[in-house]
Amino acid sequence: MKNAVAQSALAAGLYTAAVVAQTTCSNILVPAYSAPVVASGWQAQLVAGGLTKPRSIAFDSTGALLVVESGKGISRHRFTDNGGTCLFSNHSHMLVEMTTLNHGLALSDDGNTLYASSAEAVFAWTYDAKGASVSGQPRTLIANMSNSDLVTRTLLMSKKQNGTLLVSRGSAEQHSAQTEVVTSGLSQIRAFNLTNLTSNSKPYVFSNDGLVLGWGLRNSVGVGEHPVTGGIYAVENSVDGVQRNGKDVHENNPGEELNFFGYLNGTTTANQGKNFGYPHCFAVWEASEIPDNDGLGIGKQFAVLENSTLRDETCAEKYVPPVLGGRETAYVTFRGSFDRSSRRLPRGSIAFNAATGEPVAAADSNNALTDVLTQPRPHRLSGQVLQASRLAFDSAGRLWMSSDSTGEIYVLQRTGGGGWQVCAAPASGGGGSGGGAGSGNGNGNGGGNKNAAVGVDEGDDGICMERGGRSHSYL
């Protein structure tokens, strides 16, 4: 999880959020820090503040916004909608008070079950969207996920396979060697069939149950399902302070990765269930800064410490490299990193091919990312830095973004180019839906056989995908 965009593919005609807000929209909220810059063809507005580390967000069937406030619980928010990005909060209340909740959020296809995660478990509540309430005690569906350091558990409810919940679990950094054993359950994305559970069932044990979609993943926070093909993609937050054969190369390496994990319908793919390299092999971003770099380039992996049993060739042979590859678009949040001298955040977009469901750019591309909203000169990590956490589209096609560092919610909308878009995962219903995740940073991306470096790594990545006109899923 390293840094900001290495070489940002900046859209022309940038201007600040204050400028793009409608002139008829009065009493707008103004950030206490330098306003983010919005790309031409977009407008953005701060619409909520004062939240406690807002992470995952989703819309219920009435259009209310649900927000995981890390260390507090789940809050529910209603807005007066004056069109465009001119919205005002008119009601907020705590839906679930539970201090162990820290990140993940999803809704069942019918919108009647609410899912959320702590570092240890995934919980479920019966949810009444019209009544704005949950009933009963939380039920534990998946357990035994506790570990140190990387403790967020991204949740994604599949729109293609009914009742299938994806859970991403990161590494215990100080015990990274454990990730080399798949039965440890660390550094993995697994899929769980919730339809097999009854009221008397014991919780799934993460390390024993479910379908392993991929392992050797340091921290894949941004997880999504292609709205047409059902392909599962994730953005991998790579390691901090990386060295190569004893030399510090962390400023521009490794790259964030866009990885592909196959499908949930039983279709056989080469990537599903495979190891993606962590903690031994990482995606190349700036090959010129890596010692002994013969044959290395964007889209390939390098070994952090070459020896008789581990070389760059070993990485290529044993592990799955990154894919990137409209006109569909994946929106990705980049949170920035303490581990790099400069950065640009928080988010941009990556084009996907509508016919193949794969990224347009090749795996060795270094300009696949187009900036949408950035904070060009943020202070070092503090309360004055906008750190994008998660994304969600509402039913009007507006893209919502949470920032946990500032306790805020932004809404963005296209003002030109592209059509109406809606991302309907993980939430469902007429009121809107969608979700992303958030960290990382980057520029590159990959194509190849569906895994790619997305850029210099930064933090948590969130992804949301639109389909040329309409879309209904997110990455």
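This is a predicted model: local features need pLDDT of at least 70, side-chain atom pairs count only at pLDDT 80 or more; totals for chains, interfaces and linings use all residues.
Me: Why are Cys-25 and Cys-86 called a disulfide?
Reply: The criterion is a pair of cysteine sulfur atoms within 2.5 Å. The sulfur atoms of Cys-25 and Cys-86 are 2.1 Å apart, so the pair meets the cut-off. The torsion about the S-S bond is 90°, and the link is right-handed.

Me: What does the pair of Cys-25 and Cys-86 tie together?
Reply: Cys-25 belongs to the loop between helix 1 (17–20) and strand 2 (37–38), while Cys-86 belongs to the loop between strand 6 (73–81) and strand 7 (87–97). The pair therefore ties together parts that are 61 residues apart in sequence. Both Cys-25 and Cys-86 are buried.

Me: What makes Cys-281 and Cys-315 a disulfide, and where do the two residues lie?
Reply: Their sulfur atoms are 2.0 Å apart, and the limit is 2.5 Å; the pair therefore qualifies. Cys-281 is in strand 23 (residues 281–283) and Cys-315 in helix 2 (residues 312–318), so that distant parts of the chain, 34 residues apart, are linked.

Me: Is the disulfide of Cys-281 and Cys-315 left-handed or right-handed, and how do you know?
Reply: The torsion about its S-S bond is about -80°, so this disulfide is left-handed.

Me: Why do Cys-281 and Cys-315 count as buried?
Reply: Buried means under 20% relative accessible area. Cys-281 has 1% relative accessibility and therefore counts as buried. Cys-315 also stands at 1%, so the conclusion is again buried.

Me: How many disulfides result from the rule, and what is the pairing?
Reply: The count comes to two disulfides. With the bonded cysteines numbered in sequence order, the pairing is 1-2, 3-4.

Me: Why is the contact of Asp-404 with Arg-55 called a salt bridge?
Reply: The term requires a side-chain nitrogen of Lys or Arg within 4 Å of a carboxyl oxygen of Asp or Glu. Asp-404 and Arg-55 are both buried. The structure holds 10 salt bridges.

Me: How do you know that Arg-218 and Asp-240 form a salt bridge?
Reply: The closest N and O atoms of Arg-218 and Asp-240 are 3.8 Å apart. The cut-off is 4 Å, so this pair is included. Arg-218 lies in the loop between strand 16 and strand 17 (222–225), and Asp-240 in the loop between strand 18 (232–236) and strand 19 (243–244); the two residues are 22 residues apart. At 2% relative accessibility, Arg-218 counts as buried.

Me: What makes Asp-312 and Arg-244 a salt bridge, and what does the pair tie together?
Reply: Asp-312 is in helix 2 and Arg-244 in strand 19, so parts that are 68 residues apart in sequence are tied together. Asp-312 has a relative accessible area of 9% and is therefore buried; Arg-244, at 0%, also counts as buried. A network of salt bridges links Arg-244, Glu-306, Arg-311, Asp-312 and Glu-313.

Me: Why are strand 13 (residues 164–169) and strand 14 said to pair?
Reply: Pairing requires at least two bridges between two strands. Six bridges join strand 13 to strand 14, so they pair, and they run antiparallel. Ser-168 has Ile-189 of strand 14 as its bridge partner.

Me: What makes strand 14 and strand 16 (residues 211–215) a pair?
Reply: They share four bridges in the antiparallel sense, and at least two are needed, so the strands pair. In strand 16, Gly-214 is the bridge partner of Ile-189. Strand 14 (residues 188–193) is mostly covered, with five of its six residues buried.

Methods: Residues are numbered from 1 along each chain as its sequence is written. Side-chain values use heavy atoms; hydrogens and water are left out. Buried means under 20% relative accessible area, exposed over 50%, partly exposed in between (1.4 Å probe, protein chains only).
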